[in-house]
Amino acid sequence: MKLNNNDLQSFEELPQGWAITTLGEILPLTYGKALKKETRDESGNVPVYGSSGQVGVHSNALTQKPALIVGRKGSVGEVYRSPVPCWPIDTVYFAEERDDGDLKYFEYLLKGLKLSKLDKSTAVPGLSRDDYNAVEVAIAPLDQQKRIVAEIEKQFSRLDEAVANLKRVKANLKRYKAAVLKTAVEGNLVETEAELARREGRSYETGGQLLQRILETRRIQWQGKGKYKEPAAPDTTDLPELPEGWVWATVEQLACLVEYGSSAKTKEDPNGVPVLRMGNIVEGELRFDELKFLPANHNEFPKLLLKPSDLLFNRTNSPELVGKTAVYAGSPKVCSFASYLIRVRLVDGAVSNLLAAYINSSHGRNWVKSVVTQQVGQANVNGTKLQALSVPLPPETEQHRIVAEVDRRLSLLRETEAQVDADLQRAERLRQSILSKAFSA
């Protein structure tokens, strides 16, 4: 694969002193050499590079000089510069510094060329040295190389500062979201029903009264086998004091249904019923861009079809992902869920979005850490533990006000986050534009 008049440069007219050559002629690549982790001398200070960057240290260097490292397998075409002699392993190529060229100049040139476009593999990504060698480039004289590098670094320094500021904004947005959820479930986000009722001179249904109403409804609607068993009340010994009018309740007390999803093998056929999986829960929301499907006549339907306001709890994954929770809002209209998720359906009067906010808050995350177990290399929180979770229950009208205010604030947060992401993408395009202008022949 040859890039004539490559994506970075056009060769119609060359400035004085510039020359057209190929990468194979001006910057030939050498294969790295295998160096397994267990054979490395970790007390050394020689950087070891793989296709994803520095992967460790060793006591000996493979190169004699500073070098460029180019990803051969895995992260194909990624370019790194080692300012000191190093050890490139067998997943990369390398090119050592030479007296007639500026190493930083060639680093920026290769990054601008986007060598990943040369990957022709269908299974394991790979960069062919023959394809690399054939790429034509226009090269500036050494003195101009140094001036070009100086200008690139000046522009990149400004860009890096802007990107760092954007990333700080993203981190602050994440902290703000955590603060909103924490404040909401502690009763400090909106005026409590007790305060409103007192100011308006009226009575109201407390959380305790609501809980009794929920338990009565749960008892009446129960359709299980055998004699109905009252769910255990929460142990409030070590629980913090709640706002006036709130009460502690367990998930079991509030739920009329707690069950695992389907373990049936799903398919890519979009004519079937979409099945939500743990990967569809992202930052407390359901994402529908990567769906799997079951046939519409699957034998577990309609029992395992979701209803609006069903809460989905991710019961097993890596420790940081266990417990991620979202609420199904009714779209897609017909939808099911997979076995790694637990569906919780609450009795009328308990608002599932508030329960989700609690589980996704720092309080819920701390609870997950306290009850999680390790099974076959994965963390797990089962349905029994989920039902035993103690959660705050405000009066019903207050629950709805809290959820509405959380939605309002997080909606503004999502808009800001989308703008930040767009600005970060623009920054990356600007970085490529700077390289394009720098290497325009």
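Is Arg-81 buried, partly exposed or exposed? In this predicted model, Arg-81 has a relative accessible area of 27% and is partly exposed, because that value lies between the limits of 20% for buried and 50% for exposed.

## The Arg-81 to Glu-107 pair

Arg-81 makes a salt bridge with Glu-107, and the closest N and O atoms are 2.8 Å apart. The two residues come from distant parts of the chain, 26 residues apart. Arg-81 belongs to strand E6 (residues 79–82), while Glu-107 belongs to helix H2 (residues 103–113).

Glu-107 is buried, at a relative accessible area of 7%.

## Other salt bridges

The whole structure contains 29 salt bridges. Side chains of opposite charge can pair when their charged atoms come close.

One of these bridges links Glu-186 and Lys-182, with 2.8 Å between the closest N and O atoms. Glu-186 is partly exposed at 27% relative accessible area, and Lys-182, at 34% relative accessibility, is also classed as partly exposed.

## The Glu-244 to Arg-198 pair

In the salt bridge between Glu-244 and Arg-198, the closest N and O atoms are 3.1 Å apart.

Glu-244 has a relative accessible area of 47% and is partly exposed. Arg-198, at 51% relative accessibility, counts as exposed, because exposed means over 50%.

## A salt-bridge network

Glu-259, Lys-303, Asp-310, Arg-343 and Arg-345 form one network, joined by salt bridges that share partners.

## A three-stranded sheet

An open sheet is built from three strands in the order E4-E3-E7, with mixed pairing. Its edge strands are E4 (53–58) and E7 (87–88), each of which pairs on one side only. Strands of a sheet pair through backbone hydrogen bonds, either parallel or antiparallel.

Strand E3 (residues 46–50) runs parallel to E7, and two bridges join them. Val-48 stands opposite Trp-87, a residue of E7.

Terms used:
Residues are numbered from 1 along each chain as its sequence is written. This is a predicted model: local features need pLDDT of at least 70, side-chain atom pairs count only at pLDDT 80 or more; totals for chains, interfaces and linings use all residues. Side-chain values use heavy atoms; hydrogens and water are left out. Two strands pair if DSSP finds at least two bridges between them. Helices (H or I, at least four residues) and strands (E, at least two) are DSSP runs, numbered from the N terminus. A salt bridge is a side-chain nitrogen of Lys or Arg within 4 Å of a carboxyl oxygen of Asp or Glu. Buried means under 20% relative accessible area, exposed over 50%, partly exposed in between (1.4 Å probe, protein chains only).
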